[in-house]
Amino acid sequence: MKSFSGLLALCSGLLALQDAVASTSPQQVIQQPLNLASGKGGSLIKERPNIVFIITDDQDLQLDSIDYTPLTLKHLKKRGTFYKNHFVTTALCCPSRVSLWTGRQAHNTNVTDVHPPYGGYPKFVAQGFNSNFLPVWLQEAGYDTYYTGKLFNAHTIYNYDAPHVAGFNGSDFLLDPYTYSYLNSTYQRNHDPPVSYEGRHTADVIEEKALGFLDDAISGDRPFFVAIAPVTPHSNIDHQETLRMTAPIPAERHKHLFNDVKVPRTEHFNPDTLHNAELEPKPSGVNWISRLPQQNQSNVDYNDHFYRQRLRALQTVDELVDGVVKRLEESGKLENTYIVYTSDNGYHIGQHRLQPGKECGFEEDIRVPLFIRGPGIPEDHVEDAVTTHIDLAPTLFEIAGIEQRDDFDGTPIPLGKDSVGLRHEHVTVEYWGLAIPEGKYDFGPDNPATITNNTYKALRIIGDEYDLPTHTNYTIYTPQAELTVQTNTVSLAILYPE
Ligand SMILES: [Ca+2]
């Protein structure tokens, strides 16, 4: 077993490795557009490829949500590559999205929260990213760019024009405080004032807008990037001031589905954990998580309902994927378009006794779906390389034939046999601030509903001969506590409680 100092040295060494990788990217020269199709014996791509990027909100991988979206599996998994080891670097909406659209870890964007002063759209602007993020770079490289749906948190009906988001030929953003209100959304198009869609389901609104922008993009002369960011399956919030999050609201046509489905009863689901050392403790998480009470049957039943509502709500995203693929096919653009599908962070329901939510370093929260289909991408292929959200902007740069940026923390991911994607083994997971329970159950009188100190850093490592998760038993280090390696599965995580 590794020593305490050895583990710390390994951690710091891996962090240094990441910085070294970022500063010695293998692609320091101007590239030609990726020509993966020729590698399969297909015809050479004569035009720069298009990109459609679909990003859901809070969609899990570990709770099997993708198994309930058959059209997505048909169009993207069967006709593309499934990256089974894809991770977010910060399991929270806004920091994760800023990292995604800049290719940088949150400790390098300094956008670490969903609201000011440490996060949200105002912080994104204050950090200078409104003139320095993916759509701006793609425009400069000759792309037409479009975006509809949720961009960032704290992007509101009050600050949407201070300043307007830069970098898009066309945009139609979901705005707070109506972002998560499934039946009362508000969107803001280009430089127009916000418009309320009260009474319409948010999924129907975004499908209409997404396909409209796709038509605009298809009719243009330049290659295009169309990002579609439905809020599904995020919890419903009707009144943001109270932070009361409830199960997502499916469309009427999907409310009858999956009546017998329950949250997968995996090893860590609502475990029967003992905290008395004399009773052979079986820790499930550390710090505040280790003190969570076991959920009673009413709570478990509610959480199963919550899970079903997420699956039902996701059916609209499945329809959206189908609509996008059909529209591209009708236009003749499908074969020269990359379609990327992912989520901004994962989700847990009941694992480690947690109420529905995210923000933790567990597998459920940091693993998310990633599908890519497009020219030269292997079909019906499962890729086991470790990939992360900060790799996606560099990957799109490779696809578009743009020189990699020196300030990228990530590297292009493997796209096919001709891809220069660099493989790595680790994911730097980092988090600052709150953990918020969603759903109607709180943590009980001894544990405030909102955990104010959920700050941690973790390393998730997967190699040929080892797989070091953060989801079983944290190895913890605090100034007050000794290092504890709790099982023979060594997990690398460092928590910094108060
Ligand atoms: Ca999210």
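Predicted model: local features only at pLDDT ≥ 70, side-chain atom pairs only at ≥ 80, totals over all residues.
1. Let's start with the overall picture. The chain holds 11 helices and 16 strands. It has 498 residues, and buried residues make up 51% of them.

2. Next, find strand E6, residues 184-189, and strand E7, residues 195-198. These two pair in the antiparallel sense, over four bridges. To spot the pairing by eye, look for Tyr-187, which stands opposite Val-195 in E7.

3. Stay with E6 and E7 for a moment and follow the backbone through their hairpin. Five residues lie between the strands, and Asn-190 takes a positive phi near 45° in this hairpin.

4. Is E14 largely enclosed or left open by the rest of the structure? Five of its seven residues are buried, so E14 is largely enclosed.

5. Who are the neighbours of E14? One is strand E13, residues 426-431, which runs antiparallel to E14 and is joined to it by six bridges. Within this pairing, Tyr-431 has Tyr-456 of E14 as its bridge partner.

6. Strand E15, residues 467-468, also runs antiparallel to E14, with two bridges joining them. Here Ile-461 stands opposite Leu-468 in E15. The link between E14 and E15 is a hairpin that passes through four residues.

Terms used: Residues numbered from 1 in each chain as written. Pairing = 2+ DSSP bridges. Buried ≥ 20, exposed ≤ 12 C-beta atoms within 10 Å, placed from the backbone.
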